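This briefing covers a chain interface, a pocket and a helix pair. The structure comes first, and the points follow by topic.

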Amino acid sequence: MSDQSIHQIRVLNRDQSFECAEDQVLLVGMERHNAAAISVGCRGGGCGVCRIRILAGEYETKRMSKAHISDAEQQRGYALACRVFPRTDLEIESDHYQAPESSYQQAAVAQPTVK
Amino acid sequence: MRKGVMRPGHIQIRVLDVEEALKHYRDLIGLIEVERDAQGRVYLKGWTEVDKFSVVLREADEPGMDFVGYKVLDNQTLEKLQGELVEHGCNVEEIPAGELNGCGRRIRFDSPTGHMFEIYAEKEQTGKWGVGNVNPEAWPRGLKGMKATRFDHCLLYGPNIKGTLDLFRDVLGFELAEQVIDPEGTRIAQFLTVGMKAHDVAFIDHPEPGKFHHASFILDTWEDVLRAADLISMEDVSLDIGPTRHGLTHGKTIYFFDPSGNRSEVFCDGDYHYPDHEPVTWKAEQLGKAIFYHDRVLNDRFLTVLT
């Protein structure tokens, strides 16, 4: 693979960066580098956990759940990292997903948790 | 008290791309593709299921679950339960025969957890796939992937699981087989059965209504669960957790995601339930062990990732 097809992804809010190939989605690129800059959910565009905002750079996306990314939000650079292919270096912000807290989880507060 | 509901009959799942979804449900899980309808929905079933289909895939903008259907004994039971659902206060809608290919009239109703359910009495019986009903062979040749034998149950998240228990127990005749109780005595998870299985449907308390946690398909053996895990790695499929065992129901299991982010489970074995059994209770203080019996710690993704 030529160097042109590898892009640098800077995650500003986490002060981290990782490399991602053009044929990889951002989340897969991140996981392959053992980085922990974006939260990982279903990896299929459905759950919303890896919701990010892309601040600079060019990219393409696969179809994403409109429950998490509306057309208007997509215009404003919001996306699910599991569905984004980089076309240039990107600057992004992660942690744009707000999870509702269930009592199932509240009951679990005192227990050890793996992330 | 049983009310004539026999079994889970079908689930309609929303996917972002039907062709990608087929690679998951048909080629990986090993369901049989039955047919497609005029709306572009794809019908599938596990090979041991005698009715025409049990899984329907519909392409949509938002992944998740449209509805789950339960088959009842006969049309008389259907009529009676329709009346009782109305009396109970559900929003009840009648779906004409044929709206799903090969399925009779369906009575659709909502639950306090914000999900849509249906009951129906008639569906075309095409028999088990690849084996007859007289002197049948053990299994058919030509099964794919994990070779799942049937659609077993689903787990749903939403508010007011108590109201949904009242509906399923009092109107539909399901029984509470297993539960999780928090220190204040509130039930935060419930596993309901309408036969001898540990669960035909399960609910977990959650503020957002109508959420889908997983659809589950049954395999024959633990060896088959390990083989499913091998296939998940070979195909680079998004893994959630497993292979492992649950404390709840004691099933041996693995969880993974379809290409639209809907969670799937394949599992084998587990507890059984008779009508005179008291519910099995797990205390929320032991929730980690209740969910994953070996790890004994909570897995954040398993609890929070939903469609």
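A pocket here is an open set of grid points where a 1.4 Å probe fits, with protein on both sides within 12 Å along at least five of seven lines, and its lining residues have an atom within 4 Å of a point. The model is a predicted one.

**Largest pocket**
- The largest pocket has a volume of about 840 Å³.
- Its lining counts 25 residues, and those nearest the centre are A:Arg43, B:Glu235, B:Asp236, B:Val237 and B:Ser238.
- Helix H1 (26-32) of chain A and helix H1 (18-28) of chain B each supply at least two residues of this lining.
- H1(B) gives the largest share, five residues.
- By class, the lining of the largest pocket has 12 charged, nine nonpolar and four polar residues.

**Interface of chains A and B**
- In chain B, 39 residues are in contact with 31 residues of chain A.
- About 2,800 Å² is buried between chain B and chain A, and carbon and sulfur atoms give 55% of that area.
- Of the area that chain B buries against chain A, 19% is supplied by B:Leu16, B:Asp61 and B:Leu298, more than by any other three residues.

**Helix pair in chain B**
- Helix H2 (residues 75-88) and helix H3 (residues 161-171) of chain B have axes that come within 11 Å and cross at roughly 145°.
- The crossing of H2(B) with H3(B) is right-handed.
- From H2(B), B:Leu81, B:Glu84, B:Leu85 and B:His88 meet B:Asp166, B:Leu167 and B:Val171 of H3(B).
- The residues of this contact between H2(B) and H3(B) comprise four nonpolar, two charged and one polar.

Notes: Residues are numbered from 1 along each chain as its sequence is written. Chains are lettered from A and ligands numbered from 1 in the order in which they are written. This is a predicted model: local features need pLDDT of at least 70, side-chain atom pairs count only at pLDDT 80 or more; totals for chains, interfaces and linings use all residues. Side-chain values use heavy atoms; hydrogens and water are left out. Axes are lines fitted to C-alpha atoms, for helices over the stretch in contact, and angles run from 0 to 180 degrees between N-to-C directions. Helices (H or I, at least four residues) and strands (E, at least two) are DSSP runs, numbered from the N terminus. A crossing is left-handed if the near helix is turned anticlockwise from the far one by less than a right angle, and right-handed if clockwise. Contact means heavy atoms within 4.5 Å. Ala, Val, Leu, Ile, Met, Phe, Trp, Tyr, Cys and Pro count as nonpolar, Asp, Glu, Lys and Arg as charged, and the others, Gly among them, as polar. On a 1 Å grid over the protein atoms alone, a cavity is a set of points where a 1.4 Å probe fits but cannot get out, and a pocket is an open set with protein on both sides within 12 Å along at least five of seven lines; lining residues have an atom within 4 Å of a point. Grid points are joined across faces, edges and corners, and a volume is the space filled by probe spheres set on the points. Buried area is the accessible area (1.4 Å probe) that two parts lose on being put together, summed over both.
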